[in-house]
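Reader: I have a structure to read and would like to go through it in questions and answers. Please give the terms as they come up.

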Amino acid sequence: MTDDTTAWFDRVYRDAAGDAARVPWAAEDVCPVVAEYLSGHPGPGRAVVVGSGLGDDAEAVAAAGYETMAFDASPEAITWCRRRFPDSEVDYRVVDLFDPPDGWSEAFDLVVEIRTVQSLPPNRQADVLRGVAALVGPGGSLLLVALARAEPVIPYGPPWAVAESQLDQLAGAGLEEVSLRVEAAGIWSDFVGVYRRPSGEQA
């Protein structure tokens, strides 16, 4: 992420002063899509949660039996996660998706990406999708939720909704679509997708 983007997220978390209600995207509960997926796809395995926010999805993934890493570009967010879950088994880290640690390429059995793509403007969304896909190991899966928009609509934001054609970046990065649906989310709609990297494919 750019320094400006990270600084913006840091400022939101810092200004919230421990009150999750002041963080627009924080629910202090697991995303229902994540809970639904985990009920049918428990661990073991190695998982990573992208843009972990306040940590609820990461905690659910760990509780489902995965060895779980979770990262955010915002140090304030990671500090908040560690404070909320001091005895957590989740390995919370400050990481830039565009500069991941050594050994993370195609390293995870499950990658959870919930509404991170839409947090960056359209000219960076292809990079986000490729970066997320690069984490999925052979035989591994990506669970993705992204704010949806109709194809001709010009996005404005933040958040910047995603068109279905943009998700083709995942196929270009070696993932196969398992399922994709549009699901109502209040006044908005989300793409909910599951993607898989074929076994035996590794960079």
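Author: Two strands are said to pair if DSSP finds at least two bridges between them. Helices (H or I, at least four residues) and strands (E, at least two) are DSSP runs, numbered from the N terminus. This is a predicted model, in which local features need pLDDT of at least 70 and side-chain atom pairs count only at pLDDT 80 or more, while totals for chains, interfaces and linings use all residues. Residues are numbered from 1 along each chain as its sequence is written, and side-chain values use heavy atoms, with hydrogens and water left out.

Reader: Over how many bridges do strand E4 and strand E5 pair?

Author: E4 covers residues 108-114 and E5 covers residues 136-147. Within this pair, Leu110 stands opposite Ser141 in E5. The two strands run in the parallel sense, and the number of bridges is 6.

Reader: Which strands stand at the edges of the sheet?

Author: The open sheet has 7 strands with mixed pairing, in the order E3-E2-E1-E4-E5-E7-E6. A strand at the edge has a single partner strand, so one side of it is left without a neighbour in the sheet. The edge strands are E3 (91-94) and E6 (176-185).

Reader: By how much are neighbouring strands of this sheet turned against each other on average?

Author: Axes are lines fitted to C-alpha atoms, for helices over the stretch in contact, and angles run from 0 to 180 degrees between N-to-C directions. For the average over neighbouring strands, direction is ignored. The value is 15°.

Reader: At about what angle to E5 does helix H2 run?

Author: Helix H2 (residues 32-40) lies across E4, E5, E6 and strand E7 (188-196). Contact here means heavy atoms within 4.5 Å. The angle of H2 to E5 is about 150°.

Reader: How many residues of E5 are buried?

Author: Buried means under 20% relative accessible area, exposed over 50%, and partly exposed in between (1.4 Å probe, protein chains only). E5 has 12 residues and is largely enclosed by the rest of the structure. The buried ones number 10.

Reader: What covers the buried residues of H3?

Author: In H3, 7 of the 8 residues are buried, so this helix is largely enclosed by the rest of the structure. The buried residues include Asp56, Asp57 and Glu59. The cover includes H2, E1, E2, helix H4 (75-84), E3 and E4.

Reader: Which residues does Cys81 touch?

Author: Cys81 is in helix H4, and its relative accessible area is 0%, so it counts as buried. Cys81 and Gly55 are 26 residues apart in sequence, yet their C-alpha atoms are 5.4 Å apart. Not counting residues up to four places away in sequence, Cys81 touches Gly53, Leu54, Gly55 and Tyr92.

Reader: Is Ala20 buried or exposed?

Author: Ala20 is in the loop between helix H1 (3-16) and H2. Its contacts, not counting residues up to four places away in sequence, are Ala26, Glu28, Leu54 and Trp80. With a relative accessible area of 6%, Ala20 is buried.

Reader: Which residues lie nearest the centre of the largest pocket?

Author: On a 1 Å grid over the protein atoms alone, a pocket is an open set of points with protein on both sides within 12 Å along at least five of seven lines, whereas a cavity is a set where a 1.4 Å probe fits but cannot get out; lining residues have an atom within 4 Å of a point. Grid points are joined across faces, edges and corners, and a volume is the space filled by probe spheres set on the points. The largest pocket holds about 1100 Å³ of space. Of its 46 lining residues, those nearest the centre are Trp25, Ala26, Ile114, Arg115 and Gln118.

Reader: Where is Arg115 found?

Author: Most residues other than glycine have a negative phi, and most peptide bonds are trans. Arg115 has a positive phi, near 60°. Arg115 is partly exposed, with a relative accessible area of 35%. It is found in the loop between E4 and helix H5 (122-133).

Reader: In which loop does Pro44 lie?

Author: The peptide bond from Gly43 to Pro44 is cis, with omega near 10°. A cis peptide bond also joins Pro158 and Pro159, with omega about -10°. The loop that holds Pro44 is the one between H2 and E1.
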